[in-house]
Amino acid sequence: MRIRIVDAFTDRPFAGNPAGVLLLDAFPDDGRLQRIALEVNHAETAFAHRLPAGGEADWALRWFTPATEVAMCGHATLATAHVLHTTGAHEGPVRFATRSGVLVATPGEDGSVTLDFPTAPLTPVEAPAGVAAALGAEPLTVLDTGPNIRDLLVEVADEKTVRGLAPDLKALAVHSERGVIATARAEDPTRGYDYVSRCFFPNVGIDEDPVTGSAHTALAPFWSARLGRPELTGLQASPRSGRVRTHLRGGRTLLSGHAVTVIDGELLV
């Protein structure tokens with residue numbers, strides 16, 4: 001099996017969010033997929049195989065963290081589309097059949113990829129007891145993000161607070177199925193981004209995700225409503241960092257970014 005490591009939501013290597021990408025003839029058993037993802041040990045590893053022509057999708061796509069399979073992953077989808085386009089395995093928009101329905105990735109003339117994902121339904125909830133202590137900041141707003149991403153979206157006071165978070169991950173894990181998205185308005189929008197976020201996903205084996213496409217399907221409607229614009233740019237302020245351009249279209253959210261292949265090798269076992 002040929003395996004590539006791709007940094008997604010960045011235009012330079014060693015930034016953004018790394019994902020493993022394997023293009024297969026068919027999916028092996030789930031145990032083997034999980035063992036490969038554990039060996040790769042990035043936030044997600046994507047496995048894809050071509051589907052017969054004439055159907056609703058071109059490729060089947062699955063995503064695994066080192067600990068479990070997930071229902072949606074933006075950065076590994078972008079990474080897979082990048083591999084398909086840069087290797088000539090697929091031209092033009094690619095339709096992926098996934099656990100979250102058919103997701104479309106469209107290449108741009110500038111080398112970027114735009115993902116068409118379902119917008120997360122946001123439901124205001126009361127801040128769970130203990131979440132402020134676990135996160136290390138007082139929530140201003142808390143929302144449930146629905147069944148696809150299964151996070152709590154937590155607005156905090158400001159960008160400085162987001163950047164300074166050092167959560168108790170064990171305590172944070174009890175408050176949602178996947179984890180917590182912490183966000184605040186950008187301190188200075190002239191720096192090229194409108195809001196900041198960080199994502200902590202201890203329940204799927206990811207202490208802090210570097211750049212999370214799926215989280216932006218919740219961040220986009222939240223901040224578009226606050227800022228009054230459908231098109232925004234989010235900065236995920238992890239140590240690796242990365243930017244996601246978002247365009248809210250009602251029930252769909254477009255996520256755009258670049259990717260860079262940094263490793264191209266062969267799985268020998």
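Because the model is predicted, local features need pLDDT of at least 70 and side-chain atom pairs count only at pLDDT 80 or more, while totals for chains, interfaces and linings use all residues. Residues are numbered from 1 along each chain as its sequence is written, and side-chain values use heavy atoms, with hydrogens and water left out.

The protein comprises six helices and 18 strands; here, helices (H or I, at least four residues) and strands (E, at least two) are DSSP runs, numbered from the N terminus. Its C-alpha atoms occupy a box of roughly 50 × 35 × 30 Å along the principal axes. The radius of gyration is 18 Å, in agreement with the value near 18 Å for a compact globule of 269 residues; this radius is taken over C-alpha atoms, and the globule rule is 2.2 Å times the number of residues to the power 0.38. Of the 269 residues, 55% are buried, where buried means under 20% relative accessible area, exposed over 50%, and partly exposed in between (1.4 Å probe, protein chains only). Among contacts (heavy atoms within 4.5 Å) with a separation of 6 or more, 62% involve residues 24 or more positions apart.

Two strands are taken to pair if DSSP finds at least two bridges between them. Strand β8 (residues 113-118) runs antiparallel to β17 and is joined to it by six bridges, while β16 (residues 242-249), also antiparallel to β17, is joined by five. Leu 255 in β17 illustrates both pairings: Leu 115 is its bridge partner, and Thr 246 stands opposite Leu 255 too. Strands β16 and β17 form a hairpin with two residues between them, in which Gly 250 takes a positive phi near 65°.

Val 83 is found in helix α2 (residues 74-87), and its relative accessibility of 0% counts as buried. Leaving aside residues up to four places away in sequence, Val 83 touches Arg 4, Val 6, Val 21 and Leu 23. With Leu 23 the sequence separation is 60 residues, yet the C-alpha atoms of Val 83 and Leu 23 are 8.9 Å apart. Ile 181, in strand β12 (residues 179-185), is likewise buried at 0% relative accessibility. Beyond residues up to four places away, the contacts of Ile 181 include Ile 149, Leu 153, Cys 199 and Leu 219. By C-alpha position, Ile 181 lies 36 Å from Gly 55, which is 126 residues away in sequence.

The structure also holds three aromatic pairs. Rings of Phe, Tyr and Trp (its six-membered ring) pair if their centres lie within 6.5 Å; planes under 30 degrees apart count as stacked, over 60 as edge-to-face and the rest as tilted. Phe 47 and Phe 64 form an edge-to-face pair, because their ring centres are 5.8 Å apart and their planes meet at 85°. Phe 47 belongs to strand β3 (residues 44-50) and Phe 64 to strand β4 (residues 59-64), so this pair ties together parts 17 residues apart in sequence. Both Phe 47 and Phe 64 are buried. Tyr 195 and Trp 223, by contrast, are stacked, at 6.0 Å centre to centre and 10° between the planes. Since Tyr 195 sits in strand β13 (residues 195-201) and Trp 223 in helix α6 (residues 216-227), the pair ties together parts 28 residues apart in sequence.

Finally, zero disulfides are present, a disulfide being a pair of cysteine sulfur atoms within 2.5 Å. For Cys 73, which is in no disulfide, the nearest cysteine sulfur is that of Cys 199, 11 Å away. Both cysteines are covered: Cys 73 is buried at 3% relative accessibility, and Cys 199 is buried at 0%.
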